[in-house]
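Student: I've got a two-chain model open and I'd like to talk it through. Can you take my questions one at a time?

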Amino acid sequence: MWVEIGIATIKALVVLLTVLPLAGALGWVERKGSALIQDRIGANRAGIPLFGMNITLQGLVNTLMADPLKLLTKEDVTPRGADRFLHALAPVVNLFPALVTFAIVPFGDVLFIGDREINLQIAQLDVGILYVLAMVSLGVYGVVLGGWASNNRWSLLGGIRGSAQMISYEVAMGLSVVAMILTYGTVELQSMTRQQGHLIGGWVPAWGILYQPVAFILFLTAGIAESKRVPFDLPESESELVAGFFTEYSGSKHMLFFMTDFVEIIFVAAMVSTLFFGGWQVPYLFRDGFHFPWGTAIALPNLVVAILELLSFTVKMLFFCWFQIMLRWTLPRFRYDQLMRLGWKGMLPIALANVLVTAVVILLVQGA
Amino acid sequence: MTLPIFALLALLIVVFALGVILARNPVRSALSLVMTLFFLALLYLFLDAHLVGALQIIVYTGAIMVLFLFVIMLLNLQADPEERSAVTTLGTAGTLCAAFVALLVYMVGNTGIAAGPASANFGTIQTVAEALFIRLMLPFEITSVLMLVAIIGAVVLAKRTIQ
């Protein structure tokens with residue numbers, strides 16, 4: 001029993017210690033990416049003076065050392081008239097659901113150590129992806145609490161916008177997930193990923209996007225809306241609400257809100273890769289090595305296979321992180337009525353139709 | 001489920017349920033209700049009803065309570081300054097609670113369900129789905145029609161003009 005607890009702890013720590021530094025690194029990608037798109041150089045001044053040189057590491061020192069130090073040492077202000085307890089609680093409530101959702105993301109198949117078989121996923125729950133939906137739906141409380149407890153009109157408006165937006169897009173997200181559950185016939189993410197290892201006609205990997213392109217677009221859009229980023233950043237829209245629900249936060253609490261933003265990006269990227277792009281699957285890689293459709297086979301030890309799968313998952317995840325950041329600096333912000341129209345009159349009917357078509361097709365295929 | 005876990009969860013549920021009625025601020029009241037429903041979901045999880053636990057969080061904690069908070073914030077409700085007579089409030093509440101507890105004790109006492117470990121596939125998605133969509137298909141569909149009626153009614157009431 002203690003061995004199982006130890007293995008689970010190690011897996012949880014590995015995931016946590018990957019996600020948190022990656023969230024910081026994405027801050028750097030965001031700053032440099034925005035600079036690239038806006039034809040600027042971006043943060044490049046802060047550095048470590050060493051041997052008469054200024055070691056800036058392309059601005060990494062700025063984002064990973066100077067910014068956190070500045071935020072951690074700043075004065076922590078709670079506005080007068082604010083609900084002190086809830087004001088302090090909001091950033092934590094915001095970060096918590098975003099982090100715990102990683103518990104069910106599979107980042108590899110199985111690793112054999114001795115005669116022990118380790119499933120490369122922190123927790124295999126029988127409610128599977130419903131756990132993700134549950135945690136995503138809890139994410140709204142950080143926004144609502146931060147907006148309400150600050151005793152500030154901008155914050156309150158941001159909080160109200162945030163709750164309306166997240167409720168609206170949860171519906172479309174849930175329905176796109178329903179289509180995926182129908183396709184795979186399971187709610188468990190690890191077995192969804194395993195099914196994507198099949199080959200269609202012996203050549204094409206059976207990734208989710210080939211079966212459900214509509215659900216992919218719906219899920220990605222709803223995911224970006226849930227993480228409240230441009231073009232869905234109405235809860236914080238700087239030009240009208242200063243910073244929306246986290247206007248009145250400073251220092252480390254402000255940093256927590258920022259962190260949550262990046263953790264949510266990573267989470268959306270991880271889910272999109274898992275559901276639609278084969279998760280940890282490498283085309284033609286099986287548990288015992290590569291089997292190419294033209295007959296070549298390369299046998300590989302289990303450890304190498306596990307590392308390749310981990311790499312594959314990381315690459316896919318990083319691509320979608322990068323994609324979301326590029327999207328942010330490419331698109332303008334929606335107007336509020338456009339946001340609501342897209343959610344309820346656009347995505348909801350499409351998602352419903354997608355579920356219906358999927359169900360009918362599955363029925364026909366199974367009946368035939 | 002072991003007794004200490006049940007005791008802890010039950011205690012938390014009761015404490016936050018008290019918070020719902022004792023908090024003077026409507027937002028704090030609603031948040032206490034969120035916590036009550038959340039710990040209730042955990043209770044379901046420890047009772048092996050995993051699907052019900054997840055649905056409890058998705059539907060009640062994550063959707064309905066958010067709408068409650070949304071309305072409270074939209075109307076900008078403040079703490080109720082009016083002092084209520086504690087005796088009448090508590091008296092009425094106490095009587096209703098006592099009647100409910102008596103009914104509950106009577107009903108549970110008559111079901112004849114023996115305490116014991118749940119069967120292996122209890123509370124899984126398959127079991128619940130079979131009950132809902134095969135055994136209880138008709139009541140389930142009638143319930144959804146009822147809810148549809150309620151939604152249409154709400155839309156009709158909320159619309160200022162109907163073409």
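What follows is a run of questions and answers on this model.

Tutor: Some ground rules before you start. This is a predicted model, in which local features need pLDDT of at least 70, side-chain atom pairs count only at pLDDT 80 or more, and totals for chains, interfaces and linings use all residues. Residues are numbered from 1 along each chain as its sequence is written, with chains lettered from A and ligands numbered from 1 in the order in which they are written.

Student: What ipTM does the predictor give the complex?

Tutor: There are two scores for the complex. The pTM is 0.85. The ipTM is 0.77.

Student: Which helix of chain B has the lowest mean pLDDT among its elements?

Tutor: pLDDT is the predictor's confidence in each residue, from 0 to 100. Chain B averages 83, with 88% of its residues at 70 or more. Among its elements, helix 6 (residues 137-158) has the highest mean, 92, and the lowest, 84, belongs to helix 4 (residues 86-111) of chain B.

Student: How many helices does chain B have?

Tutor: Helices (H or I, at least four residues) and strands (E, at least two) are DSSP runs, numbered from the N terminus. Read from the N terminus on, the elements of chain B go α-α-α-α-α-α. That comes with zero strands, and the helix count is six.

Student: How far apart are the centres of domain 1 and domain 2 of chain B?

Tutor: Domain 1 of chain B covers 1-79 and domain 2 covers 124-163; such bounds come from an automatic or database domain assignment. Taking the centres over C-alpha atoms, the separation is 24 Å.

Student: Which helix gives the largest share of the side of chain B that touches chain A?

Tutor: Two residues are in contact if their C-beta atoms, placed from the backbone, lie within 7 Å. The contact takes 18 residues from chain A and 17 residues from chain B. On the chain B side, the largest share is 14 residues, and they come from helix 3 (residues 50-75) of chain B.

Student: And how many nonpolar residues are on that side of chain B?

Tutor: Here Ala, Val, Leu, Ile, Met, Phe, Trp, Tyr, Cys and Pro count as nonpolar, Asp, Glu, Lys and Arg as charged, and the others, Gly among them, as polar. The side of chain B that touches chain A has no charged residues and four polar ones. The nonpolar count is 13.

Student: Over to chain A. What is its radius of gyration?

Tutor: Chain A comes to 13 helices and nine strands. The radius is taken over C-alpha atoms, and the globule rule is 2.2 Å times the number of residues to the power 0.38. For 368 residues the rule gives 21 Å, and chain A is close to that, so it is as compact as a globular protein of that length, with a radius of gyration of 22 Å.

Student: Is A:V93 buried or exposed?

Tutor: A:V93 lies in helix 3 (residues 84-100) of chain A. Leaving out residues up to four places away in sequence, A:V93 touches A:Y141, A:G142 and A:L145. A residue is buried if 20 or more other C-beta atoms lie within 10 Å of its own, exposed if 12 or fewer, and partly exposed in between, with C-beta atoms placed from the backbone. A:V93 has 20 such neighbours, so it counts as buried.

Student: Is A:D39 buried or exposed?

Tutor: A:D39 sits in the loop between helix 1 (2-37) and strand 1 (48-50) of chain A. Its phi is near 60°, a positive value in a residue other than glycine. With 6 C-beta neighbours inside 10 Å, A:D39 counts as exposed.

Student: What is the bridge partner of A:L111?

Tutor: Strand 3 (residues 110-113) and strand 4 (residues 116-119) of chain A run antiparallel, joined by four bridges. In their hairpin, with two residues between the strands, A:G114 takes a positive phi near 65°. The partner of A:L111, in strand 4 of chain A, is A:I118.

Note on methods. Pairing = 2+ DSSP bridges.
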